[in-house]
Each structure stands twice: as C-alpha cells, then as structure tokens.
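Student: Could you walk me through this model, beginning with the ligand and moving on from there?

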Amino acid sequence: MQLITGTTKLLGVIGDPVEHSLSPVMHNRAIASLGIDYVYLPLPIKPKDLAVAIAGFEAIGLVGFNITIPHKQAIMPLLSEISDIAQGVGAVNTVHRTDNGWWGTNTDVAGFISPLQALKRDWSQTKVVILGYGGAARAVVVGCAQLGCTEINVIGRSPQKLSQFQQSWENTALPVSINIHQPQQLPKLIPQADLLVNTTPVGMYSDLDQSPVDGATMQRLSAKAIAYDLIYTPSPTKFLQQAQQQGAFTLDGLEMLVQQGAAALEIWLGQTPPVDIMRQSLQEQLQGNGK
Ligand code: NAP
C-alpha cells in the first residue's frame, strides 16, 4: 500500500452502500502503479446527508469522486456544471473539482462502448435490442447513439416504465429511434438483433441459473449477433452461455467497469491511466485473491 502523507490528495466513491464497490481496489492499484500522492476512499453517504457531504468535500479539497447507487441523479442539482453526455444520460457517475466548482460527467457511456469500438465495425445498420430500462440502460442508449446505431429496441416488464423511458428521450437531440416492446415480443425481436444487451440484474450471483431470455427464445439468436451482458460477476452469465451456444460473439461487463474507471481517473489526473493494471486488479479481486 502506498504511503499516505500530509500532502496526499483525496479521491473516492460515494454511495449507500459502498462496501461492495470494487472501485477503491481498482483505483488504488492504479495510483500505486503511477507512484502519485493520491488515495481513493470508500465514502458511505446516506441520501439525507448528500448536500452536506458535498459541501464538506469542497471544504477539504477533495479532487474528485465517483457516484454509485442511489446518488447518480440526486447529485445533479448540487453541481456547478454537467457535461452534455451526463445530461443526455440523465445521471452523473464522475465529479471533478474545477475553478468553477464541481463538474459532473458520465463515464459509463465511454466504458460501455469501449469493447464495441475495439471491434472496429460500421454500426449504422445495427439493430440493437436492450433488455431493461434502468440507469445502465440509459448509458447504453447514449453509447449506441454515439457508435452510430440508428435503431434501438427496449424491452421491459412494466408498460408504464417502458413508456416513461421512451418519453424521456423525446426532447433530446439523440439521432436514434427508440422503440419499446413487452417481453412477449422477444421471440420476434431476437432473430433480428445484431447487438443484444442485458442491462437487468438477472443472472447475477444471487440467481446464477437465471437468464432474462428463455432457452427456446435464445435459440433464435443469430450466430452473427453480439450478446453483451453488463453483469461482470459471474462470467459468463447464463445469458452469455446461451448466446455462446448459438455461436454469437459475447462480452461481459468487466471491460465496461475498467474503462469507466480509467476514463474517470484520466479526468482527475490529466494523465493516461494504467488500464491493464486496473483490469488485472479487478480480475484478482473477483477471483478472490486481491493483492
Ligand atoms: P436499475 O436502474 O435498478 O435497473 C435495473 C433494470 O432491470 C430495470 O429496468 C428493472 O426493471 C430490470 N429488472 C430487474 N429485475 C428484473 C427481473 N427479474 N426481470 C426483468 N427485468 C428486471 O439498475 P442499473 O444501475 O441499470 O444496473 C443494471 C445492471 O447493470 C446491474 O446488474 C449492474 O450491476 C449492471 N451494471 C454494470 C456496469 C458495469 O460497469 N459493468 C455499470 C452499471 C450497471 P423494473 O424497474 O421493472 O424492476
């Protein structure tokens, strides 16, 4: 562990809870590898204490922080400036102190598209199918629009929430059409999907044998499709195993986690982050032998 001195600069992650966050491990390994005088702390903040905590961060000169559930939207009115990307997503996950006050942005979008950009494809004809309409789905929509996708289909179980999700994009300049569908329409949609993204928590450690798509429906997935699960543990999830059986290309959520963190670190430090070390620290932590 690096030496904390009287001059050590502070970074951190706020949330309620934050105990589960892998960000402290990832960022402190990066900081150690860069040999810089920083430390990244878990900062548990209850919703009722958010405003006073942000004022306190200003007072102690915190350099920047990440935001996890449940503060990603609540933080927005407390910031001086918000990037266009974060405005588009409707949520902030990274804040940096500037001369003008707190500046907020959203690096989940960059994290999500990073492994897709590495495939170096033309995305303009890609038919996207997104399972779920929560916070992560919003970053996925903005990311797909950034890639150049023009048709996004969102599937969710509550007709009311689906329709609210669609309406929330109506006054944005996003150059993409967003269609909404009920789960029973999935068998018709799956064969047309070029990029199928799971943004629901179905298949996480508490329900390992679950998938958001039933086996028979997944058999309709094209071998040319990409199946992307934002879940990073377990890997592969049942959803990705089903897609692999169809011959589809699969991506788990680990690289998104690494790249959203790397993008945040670059904002705070103004230097290139050690992405390989950040990835390795997460892999070790997830395998239970974090160093
Ligand atoms: P969220 O805002 O709570 O949204 C969850 C979505 O999943 C909602 O649309 C919810 O619908 C739906 N859902 C939940 N349980 C379901 C079920 N049993 N069947 C069908 N739909 C269900 O959560 P989030 O922040 O978007 O996160 C979603 C997932 O993405 C989590 O697994 C999270 O770990 C992952 N994630 C990964 C990264 C990364 O860096 N890899 C980043 C962000 C998120 P209802 O509202 O109808 O329940």
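Tutor: The residues of the shell around the ligand comprise 10 nonpolar, six polar and two charged ones, where Ala, Val, Leu, Ile, Met, Phe, Trp, Tyr, Cys and Pro count as nonpolar, Asp, Glu, Lys and Arg as charged, and the others, Gly among them, as polar. This is a predicted model, in which local features need pLDDT of at least 70 and side-chain atom pairs count only at pLDDT 80 or more, while totals for chains, interfaces and linings use all residues. Residues are numbered from 1 along each chain as its sequence is written, and side-chain values use heavy atoms, with hydrogens and water left out.

Student: Which residues come nearest to the ligand?

Tutor: Tyr133, Ala136, Arg157, Lys161 and Gly253 come nearest among the 18 residues around the ligand, a residue being near if one of its heavy atoms lies within 4 Å of the molecule.

Student: And which polar side-chain atom lies 2.7 Å from an oxygen atom of the ligand?

Tutor: That atom belongs to Arg157, and the pair falls under the polar contact rule (N or O atoms within 3.5 Å; within protein, one must be able to donate a hydrogen and the other to accept it, and residues adjacent in sequence count only if both atoms are side-chain atoms). The backbone takes part too: a backbone N or O atom of Gly135 lies 2.9 Å from an oxygen atom of the ligand, and a polar backbone atom of Gly253 is 2.9 Å from a nitrogen atom of the ligand.

Student: How much of the ligand does the protein bury?

Tutor: The protein buries 71% of the 920 Å² that the ligand exposes when taken alone, with areas from the Shrake-Rupley method and a 1.4 Å probe; for residues, only the protein chains shown count as cover. Helix 5 (135-147) and helix 10 (254-269) are the elements that give two or more residues to the shell; helices (H or I, at least four residues) and strands (E, at least two) are DSSP runs numbered from the N terminus.

Student: Switching topic, how many salt bridges are there?

Tutor: The count comes to seven salt bridges, each being a side-chain nitrogen of Lys or Arg within 4 Å of a carboxyl oxygen of Asp or Glu. One of them pairs Asp16 with Lys46, whose closest N and O atoms are 3.2 Å apart. That pair links distant parts of the chain, 30 residues apart, with Asp16 in the loop between strand 1 (9-15) and helix 1 (23-34) and Lys46 in the loop between strand 2 (38-44) and helix 2 (50-60).

Student: What about Glu151 and Lys127, how far apart are their closest N and O atoms?

Tutor: They are 3.4 Å apart, in a salt bridge that joins strand 8 (residues 151-155), where Glu151 sits, to strand 7 (residues 127-131), where Lys127 sits. Glu151 is partly exposed at 26% relative accessible area, whereas Lys127 counts as buried at 17%; buried means under 20%, exposed over 50%, and partly exposed in between (1.4 Å probe, protein chains only).

Student: Which residue forms a salt bridge with Asp276?

Tutor: Arg279 does, with closest N and O atoms 3.0 Å apart, and about one helical turn separates the two because they are three residues apart in helix 11 (residues 275-286). Asp276 is exposed, at 55% relative accessible area, and salt bridges that share partners join Glu255, Asp276 and Arg279 into one network.
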